[in-house]
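Take a look at the sequence and the fold, and then read on.

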Amino acid sequence: DRTEYLFKLALAKQKWDVVMRTVRSGRLCGQAVIGYLQNMGYPEVALHFVEDEATRFNLALEYGNLDVALKAAKAVNSKELWQKLAQAALRQGNHQVVEMAYQQTEDFER
């Protein structure tokens, strides 16, 4: 099966239509693909393979997608994730998300 090879080739050539078609086909899966995508600097593509909300949260923060990170933080509801989200949102200047995250941690001193 040449699926993985063709996927990596399409990724290297930034042929996003081929990449997404391969992702949607479900013929690739597993931690190896996720790790490869993350190491190659494509955490946003890796998100399509991940169902675990804590992992989705970390990938979303890695490429600065606060919307996906916020949804994952709500699903996990961990003080640690809310604190990380608040810090990331503060760096991006998104005060709404900062305030929401601090409310979840009940950390009003900041």
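Eight helices and zero strands make up the secondary structure of the chain. Followed along the sequence, the pattern reads α-α-α-α-α-α-α-α. Please keep in mind that this is a predicted model. Along the principal axes, the C-alpha atoms fill a box of roughly 55 × 25 × 20 Å. Of the 110 residues in the chain, 36% are buried.

**Salt bridges**

The structure holds two salt bridges. Here they are, side by side:

| Pair | N to O distance | Helix | Relative accessibility |
|---|---|---|---|
| Glu4 and Lys8 | 3.0 Å | helix 1 | Glu4 38%, Lys8 29% |
| Lys84 and Glu80 | 3.6 Å | helix 7 | Lys84 32%, Glu80 49% |

Glu4 and Lys8 are four residues apart in helix 1, so about one helical turn separates them. Lys84 and Glu80 are likewise four residues apart, in helix 7 (residues 79–92), which means that about one helical turn lies between them. At their accessibilities, Glu4 counts as partly exposed, and Lys8 does as well. Lys84 is partly exposed, and so is Glu80, at 49%.

Is Tyr5 buried or exposed? Tyr5 counts as exposed because its relative accessibility is 54%, and the cut-off for exposed is over 50%. Together with Leu6 and Leu9, Tyr5 forms a nonpolar patch on the surface, and the three have about 280 Å² of accessible area together.

**The largest pocket**

Leu6 and Leu9 turn up again here, as they are among the residues that line the largest pocket. This pocket holds about 210 Å³ of space. Which helices each supply at least two residues of its lining? They are helix 1 and helix 2 (16–25). Besides the two leucines, the lining includes Thr3, Ala10, Lys13, Lys15, Val18, Arg21, Thr22, Ser25 and Arg27.

**A buried residue in a loop**

Finally, have a look at Phe49, in the loop between helix 4 (43–46) and helix 5 (53–62). Phe49 has a relative accessible area of 17%, and it counts as buried because the cut-off is under 20%. Phe49 and Val23 are 26 residues apart in sequence, while their C-alpha atoms are 7.4 Å apart in space.

Methods: Residues are numbered from 1 along each chain as its sequence is written. This is a predicted model: local features need pLDDT of at least 70, side-chain atom pairs count only at pLDDT 80 or more; totals for chains, interfaces and linings use all residues. Side-chain values use heavy atoms; hydrogens and water are left out. Patches are made of residues with over 30% relative accessible area and no salt bridge: like charges are joined within 9 Å, nonpolar side chains (Val, Leu, Ile, Met, Phe, Trp, Tyr) within 5 Å. Accessible areas come from the Shrake-Rupley method with a 1.4 Å probe; for residues, only the protein chains shown count as cover. A salt bridge is a side-chain nitrogen of Lys or Arg within 4 Å of a carboxyl oxygen of Asp or Glu. Buried means under 20% relative accessible area, exposed over 50%, partly exposed in between (1.4 Å probe, protein chains only). On a 1 Å grid over the protein atoms alone, a cavity is a set of points where a 1.4 Å probe fits but cannot get out, and a pocket is an open set with protein on both sides within 12 Å along at least five of seven lines; lining residues have an atom within 4 Å of a point. Grid points are joined across faces, edges and corners, and a volume is the space filled by probe spheres set on the points.
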